[in-house]
Amino acid sequence: MAVFGGLSLTNKGLVLQGKAQAGAQLNYTRIAVGDGSLSGQSIPAMNSLISQKKNLPITRLRTQPPNKAIVGAVLKNADVTTGFFWREVGLFAQDPDAGEILYAYANAGVTADYIPPGGGSDVIEKQFDCVVVVGTASNISAVIDDSLVFALKSELDAVAAVKVDKVAGKGLSANDYTNAEKNKLADITAGAGGPGSATDTVIGNRTIVDTTVPGDTGTLTGLLSGIANMIKQITGEATWRTVPGMTIAAIKIILDAATNAATASTLIKRDSAGRAKVAAPSAADDIAIKSTVDDAKTAAIAASIPLAQKGAAGGVAAHDANRNVVADGILLPGYSERRYTWTFENGTANQKIDFTLPFSEAISGYIEIEVTGTWAYAPVPGKLVKRLDIVADGAGVVNTQTGNYTEVTGGVSSQIVISNVWADAANSRYVITVESLIPAGNSFSALIRRHSPNSVTPFTMGVVYTGAASTLSVAVQTIPDNTTTQSGYLIQKHRFTTDNGRAIPLVTGSDLNYLQDTGIYDGYQLLNAPDNSASYYYVEVVGHSNGPESWRKQRATALTGTASTPVIYERVMQGAIWGAWKRVLTAGTVSGIGDIGNYITDANVLYDNGFYNVPAAWTGSPFAGEDGANQGYVNHLSWNNGSTYAMQTFMPINAAATSQKGLRYRRKINGVWEPQWSKIYGADDNDFELFKIRGFVTGNVNSYTEPGVYVFFATGGILTNGPTVGMDYGILKVFIGVNGYLEQEATAVTAPYAKSYRTRTETVWGPWKRILTDSDSVSFAPAVHEHSRLIATTTARDIRPSLTGKGQFAPYFVSRAGLNGAVSTDYSDMLVLNTYDDASGGKVNALVFDKSTMQIFHYQAAQTDPAWGPYNTLAYKEHVSKTRSNDVEFLVTTTAANTLVSAASFSSSANVTVKAYLRLTAAATVEITVWYQDAGGANTAYIVPSKYFDAAGSYCFVPLFLNVAGGSSMNVVTTCSGANVAHISVVIEEA
């Protein structure tokens, strides 16, 4: 039987209760029942039942002093179509402000009663009361359907207690009234109350109101109405006058027939021991008898899993005290996961353990093995995960396999390495080997996961054994290609240094010719090092972006130098052929380059190019002895690596003798220095000093043929073969060339400051020619134009390409509309350039200058075309847009990487906005990249990092704002997974 334990008021019920105590009407509207279970809900916060099954009308309402109200209803299964457990009940009331609310709620939990569906042999009719606290509220009512009112047994007993038994020959029983009432009768006047004394006229008509709450005192009408109310409640009919469906006598007959025996069509009554019997069940919803329950129990025990099978192979998974599943692995369709443990012994080298599958277990999908360890003889905690993407057939052939360490943390990677899957043909099985790199004793645990479209079985673990030393590389975590950050930038994945930022160590004796990966290294006794030296070197390698195996650069710094004089070499590979190492010269390693005070004493043995200081005595000097003439600067230039060809120049800085001043040079040919230094014209050679002031010009000017500067006076006259009149005082410069060719230039130093020149071949002088300057241009009349060289303007308003002269440049007077056959007065000047004799030289160009709009139009057509057709308008600087590329849509016709979409160039540094728009006709993966240069060099930015668009459509993206370097270009490129599906337009704008 359901145990509800009393109703609890909801929050809204408490609010309505407060309103009722303040005088508002407390009106109950209905009772609802359901089968909902409490699972943490707060009853005060509830607004409805958890799972309502039926609404019940209120059949009675009465108060129970001092502060309670009893609200009743009847639960029948006659109209129940689906059985349910009666677990929850709710009392609803009408709030004058909020409307109908859930006033109170109770839940029976596991004691719920089952309410079967109607129409069967079980007829349920439960009459129950809801007792709620109403406090001091006085205005309490309920919506009651009079047709559903039933009488309680207690109410019927109350009626029976006050009934009057009829005694033969008497109107009333002798004991039907109290002494007080008897005394009252004694006080009545004789005849009062006698037959006919209380006539209908005296009593008058009375109206029974069967909704009146019964009371112990009151008027005759009130008392009779209360009795009528009780009769209506007892019968459960609509009015007290309605004939009840069943009389009390009929009910008594049914109750009297109740028995504890299994009797058909009778009520069940318990015997003195509290038991009752029913017939053996035949239907699924019949009451079970003990033998039926015993049989079911026996069958359940027989069908249950024995305790011994919990956690055993072929049994069921066991649970620990916290209800966690305890097992060694998981096996699902296409997926398995299993844990294995083992221990490597301490002090034993080259220990291994195998995990195997038979060849018949053809492998596909991926295998992931995860290993962790303890710290017994070495610290090996952490996590080592290797994923194998693999396809292998049932005959021992591994069709494809890639293995990568996807996670490497802690010290476990210092001891453990994991092989790829390999085929053990002798035992017809596939094997994964876990190997120990060090002889340390530690315990390990592994999880091996398999996932495949096909059925799978877990690997079988073998026993620990020893073998050959491991050839597997130490585990290094692999980052997948094309890994990007959240902002869309690719992660740099190439290793330039070791993990701690130091140089990557090379194995002693490594061959630098085969070192091609870009990075920073160091090593000792390296093959093909500079000068084949066995020294230690720092080595920097740069591989070309398009083929580092054939194009790369190496830079080697020897540890044999000092901090102030490092020894550095460089070489490059071109087309897979290494060039020779070249010494990088620095101020600290080559004397004479910027190091004042570094003297050499033997110039004959110089090898490196550079500038050197020499003392008062040095081998190779052009002067004997030790004096200031020997002090100075030597510049050495070697023509080839072996310095068999070279040149030196020497400038003395402290020479006293004039003959020792000036610049000298000598050459080295086939390893031998010339015996003499040659003089470069200077102060010690009067015959050949450049631009020496040589004195006054006298006599014939033709005689002055030595290079230099002369002064002339020609007061009132002209020098023989001298310049023209007006050059009384001036300067004469003489320049000499090869084969006796000369030039003389005369410049007047007084007004009108004229200037003239003339030239001479081997023997013949030319005439003097005036050089026009702004001081004498007014006296020069312009030369007569040779009009025969100009082309006369032709009036041809409808000049056509086919009518232009071939191989000519010609002006025309035209109208723009006339160029295409129309008549108009939009007059213009036209320049036609038809520079080749036939069509093989290309099209005819024409520029048309509009006389009214000041616009320039560019036409182009074939030489045989009858009309000019479309044109382009030339823009003035003030009108030129800074847009470097327009948004013409570009169709990507290939899946090749980095297809050029748009380009622009920049003569000076600029701030640039790059916008891109994408239209897809089908789903595709698209990447849009910008290549450009900024102040730091070449750079890359992404408008769209590689992204999959799952549907056709149009897309726009956040613009890029970039700063580009002057003299650089910008390319916008794209990579698309499908050809002819992507249409891209790009706009490059300079701010």
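This is a short tour of some side chains to select in your viewer, stop by stop. Keep in mind that the model is predicted.

**Stop 1: arginine 30**

Start by selecting arginine 30, which you'll find in strand 2, the stretch covering residues 26-34. Is arginine 30 buried or exposed? It counts as buried, because its relative accessibility is 18% and the cut-off for buried is under 20%. What else does arginine 30 touch, once you skip the neighbours within four places in sequence? Show Gln52, Leu56 and Ile58, then Gly90, Leu91, Phe92 and Glu100; together with Asn55, these are its contacts.

**Stop 2: aromatic rings**

Next come the rings. The count of aromatic pairs in this model comes to 22. For one of them, pick phenylalanine 949 and tyrosine 955: their ring centres are 4.7 Å apart, and with 55° between the planes the pair is tilted. Phenylalanine 949 is buried, at a relative accessible area of 4%, while tyrosine 955 counts as partly exposed, at 24%.

Then jump to another part of the chain and select Tyr340, Trp342, Phe344, Phe355 and Phe444. What do these residues form? They make up one aromatic cluster.

**Stop 3: arginines over tryptophans**

Select arginine 571 and tryptophan 578, and turn the view until you look at the ring from the side. Arginine 571 lies over the face of tryptophan 578, 3.8 Å from the ring centre. For another arrangement of this kind, go to arginine 666, which lies over the face of tryptophan 673 at 4.1 Å from the ring centre.

**Stop 4: salt bridges**

Side chains of opposite charge can pair when their charged atoms come close. How many salt bridges does the structure hold? There are 24, and we'll visit a few.

Pick arginine 450 and glutamate 361. Their side chains meet in a salt bridge of 3.0 Å, N to O. This pair links distant parts of the chain, 89 residues apart: arginine 450 sits in strand 23 (residues 442-451), and glutamate 361 is in the loop between strand 16 (351-358) and strand 17 (363-373).

Move on to arginine 387 and aspartate 389, whose side chains meet in a salt bridge of 3.4 Å, N to O. Arginine 387 is partly exposed at 27% relative accessible area, and aspartate 389 is partly exposed at 29%.

Now select aspartate 829 and lysine 851. The closest N and O atoms of this salt bridge are 3.0 Å apart. Where do the two partners sit? Aspartate 829 is in strand 47 (residues 827-834), and lysine 851 is in the loop between strand 48 (844-850) and strand 49 (856-861); the pair links distant parts of the chain, 22 residues apart. Aspartate 829 is partly exposed, with a relative accessible area of 35%, and lysine 851 counts as partly exposed at 47%.

**Last stop: a network**

Finish by showing Glu337, Glu368, Glu370 and Arg449 together. These residues are linked in a network of salt bridges.

Definitions and conventions:
Residues are numbered from 1 along each chain as its sequence is written. This is a predicted model: local features need pLDDT of at least 70, side-chain atom pairs count only at pLDDT 80 or more; totals for chains, interfaces and linings use all residues. Side-chain values use heavy atoms; hydrogens and water are left out. Helices (H or I, at least four residues) and strands (E, at least two) are DSSP runs, numbered from the N terminus. Buried means under 20% relative accessible area, exposed over 50%, partly exposed in between (1.4 Å probe, protein chains only). Contact means heavy atoms within 4.5 Å. Rings of Phe, Tyr and Trp (its six-membered ring) pair if their centres lie within 6.5 Å; planes under 30 degrees apart count as stacked, over 60 as edge-to-face and the rest as tilted. A charge sits over a ring if NZ of Lys or CZ of Arg is within 6 Å of the ring centre and within 35 degrees of the ring normal. A salt bridge is a side-chain nitrogen of Lys or Arg within 4 Å of a carboxyl oxygen of Asp or Glu.
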